[in-house]
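Subject: The structure we talked about

Hi there,

Here is the structure I promised to pass on to you. Please open it next to this email and follow along as you read.

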Amino acid sequence: MMISHFEHLVTEEGMTWGPEAALRGASERLMPILMTATVTGLGLLPLALGSGEAGREIEGPMAIVILGGLITSTALNLLVLPTLALRYGKFSVKREA
């Protein structure tokens, strides 16, 4: 979604690809990413906190692993992906014929 938003900024809104476009794209996608991660994390939090109870031998550790992956993927999506897109991405404006 973030890469397609970068592409949208360049092709549809006419921005030139560079640090300004990467920063704007990442900041515009910040709230949806954080809201999704927060809601998912809050839904899994009761399972992760009650992982030591009887009957939750599988659910608790699974919730902890999912929460760890959610935190990691959110950090990678907000920090590493824009950096890699800025380094290796090549977006250009569409030419109409």
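Where is the place of Leu 76? Leu 76 sits in helix 3. Before we go further, please keep in mind that this is a predicted model.

Now have a look at Thr 74, which lies in helix 3, the stretch covering residues 59–88. Is Thr 74 buried or exposed? Thr 74 has a relative accessible area of 13%, and buried means under 20%, so Thr 74 is buried. A polar atom of the Thr 74 side chain lies 2.7 Å from the backbone oxygen of Leu 70. If we leave out residues up to four places away in sequence, Thr 74 touches Ile 33, Leu 34 and Ala 37.

Ala 63 is in helix 3 too. With a relative accessible area of 1%, Ala 63 is buried, because this value is under 20%. Which residues does Ala 63 touch, not counting residues up to four places away in sequence? They are Leu 44, Leu 47 and Ala 48.

**The salt bridges**

How many salt bridges are there? The count comes to two.

- Arg 24 pairs with Glu 13, and their closest N and O atoms are 2.7 Å apart. This pair links distant parts of the chain: Arg 24 is in helix 2 (residues 19–49), while Glu 13 is in the loop between helix 1 (2–11) and helix 2, 11 residues apart.
- Arg 24 also forms a salt bridge with Glu 28, at 2.7 Å from N to O. Arg 24 and Glu 28 both lie in helix 2, four residues apart, which is about one turn of the helix.

Because they share partners, these salt bridges join Glu 13, Arg 24 and Glu 28 into one network. As for accessibility, Arg 24 is partly exposed at 30%, Glu 13 is partly exposed at 40%, and Glu 28 is partly exposed at 35%.

**The nonpolar core**

Which residues have the most contacts inside the largest nonpolar core? They are Met 2, Phe 6, Trp 17 and Phe 91, and the core has 13 residues. Helix 1, helix 2 and helix 3 each supply at least two residues of this core.

Enjoy exploring, and write back with any questions!

Best wishes

Notes:
Residues are numbered from 1 along each chain as its sequence is written. This is a predicted model: local features need pLDDT of at least 70, side-chain atom pairs count only at pLDDT 80 or more; totals for chains, interfaces and linings use all residues. Side-chain values use heavy atoms; hydrogens and water are left out. Buried means under 20% relative accessible area, exposed over 50%, partly exposed in between (1.4 Å probe, protein chains only). A polar contact is a pair of N or O atoms within 3.5 Å; within protein, one must be able to donate a hydrogen and the other to accept it, and residues adjacent in sequence count only if both atoms are side-chain atoms. Contact means heavy atoms within 4.5 Å. A salt bridge is a side-chain nitrogen of Lys or Arg within 4 Å of a carboxyl oxygen of Asp or Glu. A nonpolar core is a set of buried Ala, Val, Leu, Ile, Met, Phe, Trp, Tyr and Cys residues joined through side-chain atoms within 4.5 Å.
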